[in-house]
Amino acid sequence: MDRVESLFRNGVMEMATYSPIEPPDQIARRLGLPESDIIKLDANENPYGVAAEVLKELSRAKYLSIYPDPAQTAVREEIAKYVGCGANNIVAGAGADELIDLICRLALNPGDKVLTFSPTFSYYKHVVELNGGVLVDVPREEDYSIDAAKLPAIELDGIKIVLLCSPNNPPGNMLEQEVLDFFLEKDMLVVVDEAYFEFSRSTYAGLIDSHNNLLVLRTFSKCFALAGLRVGYGIMAPLLHEAIMKIKPPYSVNMAAEVALRVCLQNKAFFEGQVDRMIATRARVIAALSVREDLQVYPSQSNFILFRLKRANAKELKDALEQKGILLRYFNTPQLRNHLRVSVGTEEQMDVFLNEFFSLLNNQ
Ligand SMILES: *Cc1c(COP(=O)(O)O)cnc(C)c1O
């Protein structure tokens, strides 16, 4: 036909493409490097890879040829036990990302507003716009905190959802309790994205019993090393639970993910050990970067570190590191001018990163 795009929903063709992450084998090919040389510190994945126990169970999973349970009965019970809540407080999805989409689909009529505080996770803007919502973006303070004293000045009329993130990505700081309390008392859905909960070891999930408008999100992508299997979950009071269960796609948590998450939760101590190592590595890397007076390093409760280059060009450094197979995330938005974010990798990976980074910085 002539103009097939005339059939698309309003605004879709004008939407920005969500910035793609390139798979390591493609990057290796593009750079002409062996795949084993790639040090992937750009997406906050678990650097130790899928746990051996998980691989073993996946290889003998019995039910990959049948559909997963749309009621998620076993999955919800297992996650609930880990969280310390009831199974009717949990909905699992294809990543925490799917839960963000579902809460938007549940609440937004075209033109409804969603509040965020930037800088924050860039997917929020994308998914809000995809669902016909209008993003109201309020800038954070210079240290990327949210000042509770300034909240009463925000026009809340027409805002249905506020998307908060704790620890926030990319700065790595925690959500302030006063800020959360302020929104929980308003007539809106309050999302607290705790994708990095296992690293901060601090949660607001306990508040679902007293607040039926709260949705806490978690994921198996980061600490549990299942980013490629796509599984996350939301924690919420029963009424919100009932509504999200109603609208969710029936089979979005695949059977392999179900097997894998079960093994992960049975081996909690194993992952806690990895997190301990990553927290120690994080402290070491922050200390090493902080020695330089030409860098501004932000504290982090997460498995990544954000820093600003005061003089050197962050994009050039990012590109130069990439030539050596070391991948970082580069930001250059009004609030993240000339910033880089590095995921906490293994001890050895971070030694390579620090060496290469400092030698490039000294020669720039
Ligand atoms: C990585 C990340 C997610 C995505 O989680 P998935 O479960 O992989 O969809 C959600 N929120 C934040 C803040 C993240 O950094």
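A polar contact is a pair of N or O atoms within 3.5 Å; within protein, one must be able to donate a hydrogen and the other to accept it, and residues adjacent in sequence count only if both atoms are side-chain atoms. This is a predicted model, in which local features need pLDDT of at least 70 and side-chain atom pairs count only at pLDDT 80 or more, while totals for chains, interfaces and linings use all residues. Residues are numbered from 1 along each chain as its sequence is written, and side-chain values use heavy atoms, with hydrogens and water left out.

**The ligand site**

The ligand is surrounded by 13 residues (a heavy atom within 4 Å). The closest are Asp 193, Tyr 196, Thr 219, Ser 221 and Lys 222. By class, this shell holds five nonpolar, four polar and four charged residues. Here Ala, Val, Leu, Ile, Met, Phe, Trp, Tyr, Cys and Pro count as nonpolar, Asp, Glu, Lys and Arg as charged, and the others, Gly among them, as polar.

| Residue | Part with the N or O atom | Ligand atom | Distance |
|---|---|---|---|
| Asp 97 | backbone | oxygen | 3.0 Å |
| Asn 169 | side chain | oxygen | 2.8 Å |
| Asp 193 | side chain | nitrogen | 2.6 Å |

Taken alone, the ligand exposes 390 Å², and the protein buries 94% of that (Shrake-Rupley method, 1.4 Å probe).

**A helix pair**

Helices (H or I, at least four residues) and strands (E, at least two) are DSSP runs, numbered from the N terminus. Helix α4 (residues 96-107) packs against helix α8 (residues 238-247) at an angle of about 100°, and their axes are 10 Å apart. Axes are lines fitted to C-alpha atoms, for helices over the stretch in contact, and angles run from 0 to 180 degrees between N-to-C directions. The angle makes α4 roughly perpendicular to α8 (65 to 115 degrees).

In this contact (heavy atoms within 4.5 Å), Leu 99, Leu 102, Ile 103, Arg 105 and Leu 106 of α4 meet Leu 240, Ala 243, Ile 244 and Ile 247 of α8. Eight of these residues are nonpolar, none polar and one charged.

**Backbone features**

Ser 118 and Pro 119 are joined by a cis peptide bond with omega near 0°. Pro 119 sits in the loop between β3 (113-118) and α5 (123-130). The bond from Asn 169 to Pro 170 is also cis, with omega about 15°.

Notes: Angles under 35 degrees count as roughly parallel, over 145 as roughly antiparallel, 65 to 115 as roughly perpendicular and the rest as oblique.
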